[in-house]
Amino acid sequence: MITFLHIVSYTDNMNILIFCVVVFAVVNALDNGLGRTPPMGWLSWERFRCNTDCLNDPDNCISEKLYMQMADHMEQDGYLVAGYEYVNIDDCWMAMERGSDGKLVADPKRFPRGIKFLADYVHSKGLKLGIYEDFGTHTCGGYPGSKFYMELDAQTFADWGIDSLKLDGCYSGIEDMKDGYPIMEFYLNKTGRPMLYSCSWPAYVVFSGTIPNYKSIANSCNIWRNYADIDDSWDSVKGIIDFYGNDNGSFSSFAGPGHFNDPDMIIVGDFGLSYEQQKSQMALWAVMAAPLMMSNDLRQIDPQSKALLLNKNVLKINQDPMGIQGKRILKTKDMQVWTRPIMPKGSVAISILNTGEGGAGTKVKMLCSDLGLTSPGGYIITEVFTGSVVGSFKPQQYLNVTVVPSGVFFGSATLL
């Protein structure tokens with residue numbers, strides 16, 4: 001154990017505040033025991049955004065009613081049993097001003113019984129409640145931020161029974177993040193309540209044109225966003241896949257049990273993706289060892305989409321206990337090949353993605369050894385979505401598949 005004095009100065013137009021925090025660090029600073037596999041749950045942002053109009057849109061506004069209904073469906077419709085355990089509040093849940101005691105206050109009209117009541121309700125379903133705040137003076141939606149209030153906010157969240165914190169980075173300086181995000185980690189740990197810590201820190205660094213210090217980020221955060229918010233479109237999904245395939249700064253190497261890159265929400269069951277594109281997102285997020293945070297309306301979801309979200313074979317690969325993030329090993333104009341080592345030892349998950357937009361499908365021929373299938377004893381390859389056996393293959397043999405436009409072949413290769 002190393003003890004050091006951590007001194008940080010924050011400056012805004014009105015105040016200069018000095019934090020002097022004695023931090024006790026170990027080799028892996030974040031040791032809350034959480035996120036040993038990619039976290040799974042539901043998050044409101046992509047589908048419900050900052051809709052605060054409960055008068056005209058009471059079923060879709062950011063309110064305790066919305067989160068209670070989503071918790072009900074997660075418990076009743078098989079999502080909790082499948083592993084989806086977090087119900088996550090995003091921006092716009094607060095009143096516009098803190099209370100007289102400096103504490104955050106939920107909007108009294110939309111959350112009339114407060115966040116502690118909501119947490120208790122979610123816990124009664126066997127689920128966990130996540131909440132949103134911002135490292136800056138304000139959230140991205142203009143609500144009170146945590147700057148200068150981090151210790152108070154961390155304790156408030158613990159007192160409410162919060163299980164996860166997403167800390168955004170609007171209205172703050174990028175130069176402060178390398179110190180400020182670890183300070184919030186320190187205060188979260190100080191409460192004694194385990195809270196999964198989701199950091200937006202690296203996303204702001206990436207969009208400033210520099211490569212984040214992923215080693216430091218992995219030491220402080222359970223999961224971290226490092227690219228733009230996902231939208232309900234295939235172009236958005238493709239952009240994220242390309243960013244993760246490029247792997248600038250080798251951020252894939254910092255993923256593992258307790259700390260994962262987060263390419264953002266699952267939009268399966270929304271409006272923007274075809275069925276094949278939904279399969280592609282599920283396959284790639286599984287291979288990328290990504291958190292699976294659905295952002296959809298569980299009250300009205302297509303049965304095909306629901307089946308994808310609950311597919312046991314896909315989730316097993318996503319939740320592989322080794323926690324190794326898959327990588328893109330080949331890219332052509334319209335094709336990408338991704339692989340990920342999985343258990344049992346020596347097994348490989350394979351995603352062959354067709355990003356093309358026309359035709360009846362592309363025939364792909366891959367030498368098995370080029371896919372990392374090098375054991376002389378050979379492998380049995382199974383199609384993940386259906387569980388059907390593709391065949392037995394030796395390293396010198398070829399895997400031949402046809403992949404439809406914006407579709408994916410998702411396979412699992414296990415040693416014979």
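Student: I have picked out Ala289 in the model, so where does this residue lie?

Tutor: Ala289 sits in the loop between helix 10 and strand 10 (292-294), where helices (H or I, at least four residues) and strands (E, at least two) are DSSP runs, numbered from the N terminus. Before going further, keep in mind that this is a predicted model, in which local features need pLDDT of at least 70 and side-chain atom pairs count only at pLDDT 80 or more, while totals for chains, interfaces and linings use all residues. Residues are numbered from 1 along each chain as its sequence is written, and side-chain values use heavy atoms, with hydrogens and water left out.

Student: Is Ala289 buried or exposed?

Tutor: Buried means under 20% relative accessible area, exposed means over 50%, and partly exposed lies in between (1.4 Å probe, protein chains only). Ala289 counts as buried because its relative accessibility is 1%. Its phi is near 50°, a positive value in a residue other than glycine.

Student: What is the phi of Asp264, and where is that residue placed?

Tutor: The phi of Asp264 is near 100°, again positive in a residue other than glycine, and Asp264 is found in the loop between strand 9 and helix 10. With a relative accessible area of 4%, Asp264 is buried.

Student: How should I read a helix, and which residues of helix 9 are buried?

Tutor: An α-helix has 3.6 residues a turn, so residues three or four places apart point the same way. In helix 9, the buried residues are Trp234, Ser236, Val237, Lys238, Ile240, Ile241, Phe243, Tyr244 and Gly245. Contact means heavy atoms within 4.5 Å, and the cover over these buried residues includes helix 7 (201-206), strand 9 (260-262), helix 10 (275-287) and strand 11 (327-331).

Student: Which residues does Ser236 touch?

Tutor: Ser236 belongs to helix 9 and is buried, with a relative accessible area of 14%. Not counting residues up to four places away in sequence, Ser236 touches Asp229, Ile230 and Asp231.

Student: What can a strand residue such as Val364 show me about positions apart in sequence?

Tutor: Val364 lies in strand 14 (residues 362-367) and counts as buried, at 12% relative accessibility. Val364 and Val401 are 37 residues apart in sequence, while their C-alpha atoms are 5.3 Å apart in space. Leaving aside neighbours within four places in sequence, the contacts of Val364 include Met335, Ile352, Leu399 and Val401.

Student: Which peptide bond is cis, and where does its proline sit?

Tutor: The peptide bond from Met343 to Pro344 is cis, with omega near -5°, and Pro344 is placed in the loop between strand 12 and strand 13.

Student: How do I judge the chain as a whole, and what is its radius of gyration?

Tutor: The radius of gyration is taken over C-alpha atoms, and the globule rule is 2.2 Å times the number of residues to the power 0.38. For 416 residues, a compact globule would have a radius of gyration near 22 Å, and the chain has 22 Å, which agrees. The secondary structure of the chain comes to 12 helices and 18 strands, and buried residues make up 56% of its 416 residues.
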